[in-house]
Amino acid sequence: MAVQLTALDVMRAGPVIPVIVLHDVATAVPVAKALVAGGVRMLEVTLRTPQALACIEAIARDVPDAVVGAGTIRSAADAKAAAAAGARFGVSPGFTDSVAHACRDAQLPLLPGVATSSEVMQAREAGFEQMKFFPAMQAGGVAMLKAWQGPFFDVQFCPTGGVTPGNAAQFLALSNVVCVGGSWLVPTDAVAQKDWARITTLAWDTASLKP
């Protein structure tokens, strides 16, 4: 039986949570193994493709060293389906009470997405202390997170959206940022070319980002 995670466990596993879009189940396990080989175990597979749930199921079954989660959870049905497929955490682009309740019912730790102060307050009122700041760059970037350090001193963030190897360290240097989410670890062309070694190298490179 897998140990029950908390959202903070998910965030503390490494400086970067890879945001993974998979179109083919056949690539799911090799991608996951490549990331794990590079020291990245916490994997967010987004529910943006018809094959996403099958990919989560394959990784959960065949890559025991990976901790696979579901991203782009937008409804209670998404949460239930993700948990049934073997996801061990959830990430949503926004916050709704129904998604929050469904994730709790499924024992799926959730990083709810927030982009404004009101959304942070709503999520905090619902009991969340760890949140995804999304879309990070479009919603104010580092400056916004700095502004939130005062009023939301008890909230920790995972900025995602426009985060790159070039700016990730600026986010990670903030006291209210535990990790970042990034899609650069799994480039589309690397998956198409089955260049798993490149994905492993990109995963290893994330270790140098944490101040």
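At roughly what angle do the axes of α3 and helix α4 cross? The axes of α3 and α4 (residues 76-85) cross at roughly 30° and come within 8 Å. Axes here are lines fitted to C-alpha atoms, for helices over the stretch in contact, with angles running from 0 to 180 degrees between N-to-C directions. The model is predicted: local features need pLDDT of at least 70, side-chain atom pairs count only at pLDDT 80 or more, and totals for chains, interfaces and linings use all residues. Residues are numbered from 1 along each chain as its sequence is written, and side-chain values use heavy atoms, with hydrogens and water left out.

Helices (H or I, at least four residues) and strands (E, at least two) are DSSP runs, numbered from the N terminus. Helices α3 and α4 are therefore roughly parallel to each other. Angles under 35 degrees count as roughly parallel, over 145 as roughly antiparallel, 65 to 115 as roughly perpendicular, and the rest as oblique. On the α3 side, L53, I56, E57 and A60 meet A81, A82 and A85 of α4. Contact means heavy atoms within 4.5 Å.

Helix α3 (residues 52-62) also packs against α2 (residues 25-37). Their axes come within 8 Å and cross at roughly 45°. The pair is therefore oblique. Helix α2 contributes V25, A28, V29, A32 and K33 to the contact, and α3 contributes A54, C55, A58, I59 and D62.

C55 is buried, at a relative accessible area of 0%. Buried means under 20% relative accessible area, exposed over 50%, and partly exposed in between (1.4 Å probe, protein chains only). The structure holds 0 disulfides (pairs of cysteine sulfur atoms within 2.5 Å). For C55, the nearest cysteine sulfur is that of C103, 20 Å away. For C179, the nearest is that of C158, at 3.6 Å. C179 is also buried, with 0% relative accessibility.

S92 sits in the loop between β4 (90-91) and α5 (97-105). Its relative accessible area is 0%, so S92 is buried. The S92 side chain reaches the backbone oxygen of G94 at 2.6 Å. Leaving aside residues up to four places away in sequence, S92 touches I73, V99, L110, L111, P112, G113 and K132.

Terms used:
Polar contact = N/O pair within 3.5 Å; in protein donor to acceptor, adjacent residues only side chain to side chain.
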